[in-house]
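Here is a friendly briefing to read with the model open beside you. Take a look at the fold first, and then we will walk through strands and charges.

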Amino acid sequence: MGFMYHISEICEVSSKRKSKKHKTMQTVEIKVKMDCDGCERKVRNAVSSMKGVKSVEINRKDSRVTVSGYVEKSKVLKKVEKTGKKAEIWPYVKYNLVSNPYAVGVYDKKAPSGYVKIDPQVLQIPNTPSEIFTSMFSDENPNACSIM
């Protein structure tokens, strides 16, 4: 996908050739319950055999499979489910990225340590610009606006 690819696209004479849809490089995280080395090996072999996969990382303690490459989430998920394991897209986010990790529906006892469930209502990162600007001109803050 470098210089030669660009030149070949420019110099292409025949319009019969199908244009290939290029997939973007992405990382897919999937939650899969694995109990033993055999389960881990089965999942690793299934995902590694997919076209476009560059690396596979498995964390059995967190029940997480991380796949990097030119792949689609849905295809990776289906491939893992074909091994007979229950799989889902990784439903957790790091604890420090959530403004209120103990909100209703966010805290999950089954989540690995340091993670909470993804919830769009509480996914706002603390100290984001919108939060800073709203507190800057607040009536409760005596140092909010020194111009007035």
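With which residue does Glu-29 form a salt bridge? The partner is Arg-64, and the closest N and O atoms of the two are 3.3 Å apart. A salt bridge here is a side-chain nitrogen of Lys or Arg within 4 Å of a carboxyl oxygen of Asp or Glu.

Some ground rules before the details. This is a predicted model, in which local features need pLDDT of at least 70 and side-chain atom pairs count only at pLDDT 80 or more, while totals for chains, interfaces and linings use all residues. Residues are numbered from 1 along each chain as its sequence is written, and side-chain values use heavy atoms, with hydrogens and water left out.

- Helices (H or I, at least four residues) and strands (E, at least two) are DSSP runs, numbered from the N terminus.
- Strand β3 covers residues 64–69, and because 6 of its 6 residues are buried, the strand is largely enclosed by the rest of the structure.
- Buried means under 20% relative accessible area, exposed means over 50%, and partly exposed lies in between (1.4 Å probe, protein chains only).
- Both faces of β3 are covered, with Arg-64, Thr-66 and Ser-68 buried on one side and Val-65, Val-67 and Gly-69 buried on the other.
- Strand β1 (residues 26–32) runs antiparallel to β3 and is joined to it by 6 bridges; two strands pair if DSSP finds at least two bridges between them.
- Within that pairing, Arg-64 in β3 has Lys-31 standing opposite.
- Strand β2 (residues 53–59) is also antiparallel to β3, again with 6 bridges, and Ile-58 has Val-65 as its bridge partner in β3.
- The hairpin of β2 and β3 has 4 residues between the strands, and Ser-63 takes a positive phi near 60 degrees there.

**Salt bridges**

- The structure holds 5 salt bridges.
- The pair from the opening question links distant parts of the chain, with Glu-29 in strand β1 and Arg-64 in strand β3, 35 residues apart.
- Arg-64 is buried at a relative accessible area of 13%, whereas Glu-29 is partly exposed at 29%.
- Arg-60 forms a salt bridge with Asp-37, and their closest N and O atoms are 2.4 Å apart.
- Because Arg-60 lies in the loop between β2 and β3 and Asp-37 in helix α2 (residues 37–48), this pair ties together parts that are 23 residues apart in sequence.
- Arg-60 also meets Glu-40 in a salt bridge (3.2 Å, N to O), and since Glu-40 lies in helix α2, that pair ties together parts 20 residues apart in sequence.
- Salt bridges that share partners join Asp-37, Glu-40, Arg-44 and Arg-60 into one network.

**A positive patch**

- Lys-23, Lys-51, Lys-75, Lys-78 and Lys-82 gather in a patch of positive charge on the surface.
- Such a patch is made of residues with over 30% relative accessible area and no salt bridge, with like charges joined within 9 Å.
- Lys-23 lies in the loop between α1 (3–10) and β1, and at 36% relative accessibility this residue counts as partly exposed.

Key:
Patch = residues over 30% accessible without salt bridge, like charges linked within 9 Å, V, L, I, M, F, W, Y side chains within 5 Å. Areas by Shrake-Rupley, 256 points an atom, 1.4 Å probe, with all protein chains shown as cover. Lys, Arg positive; Asp, Glu negative; His and termini not counted. Charge placed at Lys NZ, Arg CZ, Asp CG, Glu CD.
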